[in-house]
Amino acid sequence: MKPHSPTPTILVALLSLVTLSACHKAAETVASFGRAEIDLDSIRHRGTIRAVCDYNSVNYFVHKGVPVGYQYELLTQYAKHLGLKLEIVPDNTLEGGHDKIEKGKADILASTLVADTTLLPTLALCEPYGQSRIVLVRHTGANPSPSFSQSVDNDTVFVMSNSFYSKTLENFTDTANVNVTVRPIDHYDAEQMVGLVAEREIKQTLCLENIARACLWYYDSLEIGPAVTNQLDMAWGVRVNSPMLRDDISKWLKSFRKTALFKRIYRKYVIDPREHHNTSQSTKSDTYQAVYEDAIKSIATDKRYDWRLISSIVYQESHFNPHATSWAGAVGLMQLMPETAARFGVDNPNDPVQNISAGYEYLLWLDKRLAPNVPSPTERVKFVLAAYNVGLGHIMDAIRLAQKFGRDASTWDANVETALLLKANPTYYSDPDVKHGFCRGTETVAYVHNVLDRYKNYKKSVR
């Protein structure tokens, strides 16, 4: 006898059980209190990998409207390995980042993290992605002592509170025969602490060497002093109940660290910290080159964006070199990022006409989006130049901050430019009205000033 076939009702019930079982397997259990239950299967089912990363000029920031950074590029490659989308969850504190991991708001803690299990004992550390030392950062010539002990004895060192910097210094003072006053500072990350040293608000601080070296590009009043540690492993962290994720990251990192791509990323951000556009470039008229004059004149037909203004931008961006390529991948006369070039239909970004045309269209695109906030066409040019340099998102953040603190949000000088400068301060880039985080506004303020000053000189001498 043939066995009886299941009735439709039984089939539906069986399918329902299978579906419920599969959903349960991939479901994310996110508790209000305690630790979330999420591992790699659930993340794959979700389709997005979420990572906490700190805003600074090494790990994660926006350059010309495009996210870049050491951790960002590593995370992007890991997300590609998984075939998933990447979502960055910004947080500049270890406590805040760890809390997001524990509560399931993120899967990977990719903020600057020394591989020290005693600092965050509930975090599972992955294969190290690199190494760095903790060094003393101080004013140039402030203390020529060659050793760390001699440098800090009978002195004060300011450190981030509740950090591996403060822990390292406390351990050092417990074992070394020195008299050091440790002064923790709340709500500042390592790069901001270095900024306080540069501005002579504090004398010295501790910082990872790779971050300190990147800061030397911005501040000429700093020097890197002696190290307080040997090379330390740096690693990502995950929840202790995410072993599949930890093992997959570790396996991937072991392989990826052998690739040429990893070596390029490491060199870009760690070995040879990028050289940003020189904001002290000459604004004199003798910087002008006529080789692309006809092309610029034929493209720049809007009176607000005179061809000599475009020429000033070209000098600022590339010194009239059509083959210029920045550390971040911006290309050509107007230094188009690949995403911008693709948006405006550029096939060959090194072609002068295509590059200028796309850069010009991008300026008009920015102008259109800023018009509702900045009614004056003349004033709006300053906002557009700032957005061209640093990205529209940061300028919209600055407009919101200016409005919030009672400044004229439609005026650049001493108003929105001041608000943009505040975005280098964690008190302000952590504000709920700020959507794009950290920004070193000094470069953009100088960029606007230099482009416009050079433009004025071009108008006097170039007809």
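**Exercise 1. Find out why the span of helix α9 agrees with its number of residues.**

Step 1. Locate helix α9 at residues 243-256, a run of 14 residues. Helices here are DSSP runs of H or I with at least four residues, strands are runs of E with at least two, and both are numbered from the N terminus.

Step 2. Work out the expected span, which is 1.5 Å times one less than the number of residues. For α9 this should be 20 Å, and the end C-alpha atoms are 20 Å apart, which agrees.

A word on the model: it is predicted, so local features need pLDDT of at least 70 and side-chain atom pairs count only at pLDDT 80 or more, while totals for chains, interfaces and linings use all residues. Residues are numbered from 1 along each chain as its sequence is written, and side-chain values use heavy atoms, with hydrogens and water left out.

Step 3. Look at which residues of α9 are buried (under 20% relative accessible area; exposed is over 50% and partly exposed lies in between, with a 1.4 Å probe and protein chains only). They are Leu245, Asp248, Ile249, Ser250, Trp252, Leu253 and Phe256.

Step 4. See what covers them: the cover includes the helices α2 (40-46), α3 (70-82) and α10 (260-271), along with the strands β1 (48-53), β5 (108-109) and β14 (237-239).

**Exercise 2. Repeat the span check for helix α6 and list its buried residues.**

Step 1. Helix α6 covers residues 164-175, and its 12 residues should span 16 Å at 1.5 Å a residue.

Step 2. The end C-alpha atoms of α6 are 17 Å apart, which agrees.

Step 3. Buried in α6 are Phe164, Tyr165, Ser166, Thr168, Leu169 and Phe172.

**Exercise 3. Is Ser311 buried or exposed?**

Step 1. Ser311 sits in helix α12, residues 307-318.

Step 2. Its relative accessibility is 0%, so Ser311 counts as buried.

Step 3. Set aside the neighbours within four places in sequence, and Ser311 is in contact (heavy atoms within 4.5 Å) with Tyr288, Ile296, Phe320 and Tyr458.

**Exercise 4. Describe how α16 packs on α17.**

Step 1. Two packed helices are described by the angle between their axes and the distance between the axes. The axes are lines fitted to C-alpha atoms, for helices over the stretch in contact, and angles run from 0 to 180 degrees between N-to-C directions.

Step 2. The axes of α16 (residues 392-404) and α17 (residues 412-422) come within 7 Å and cross at roughly 110°.

Step 3. α16 and α17 are therefore roughly perpendicular to each other. The classes are roughly parallel under 35 degrees, roughly antiparallel over 145, roughly perpendicular from 65 to 115, and oblique for the rest.

Step 4. The contact brings together His394, Ile395, Ala398, Ile399, Leu401 and Ala402 of α16 with Trp412, Val416, Ala419 and Leu420 of α17.

**Exercise 5. How are α17 and α19 oriented?**

Step 1. The axes of α17 and α19 (residues 441-461) come within 8 Å, crossing at roughly 155°.

Step 2. That makes α17 roughly antiparallel to α19.

Step 3. From α17, Trp412, Glu417, Leu420 and Leu421 make the contact, and from α19, Gly441, Thr442, Thr444, Val445 and Val448.

**Exercise 6. Summarise the whole chain.**

Step 1. The protein chain has 19 helices and 14 strands.

Step 2. Of its 463 residues, 53% count as buried.

Step 3. Among contacts in the chain with a separation of 6 or more, 71% join residues 24 or more positions apart.
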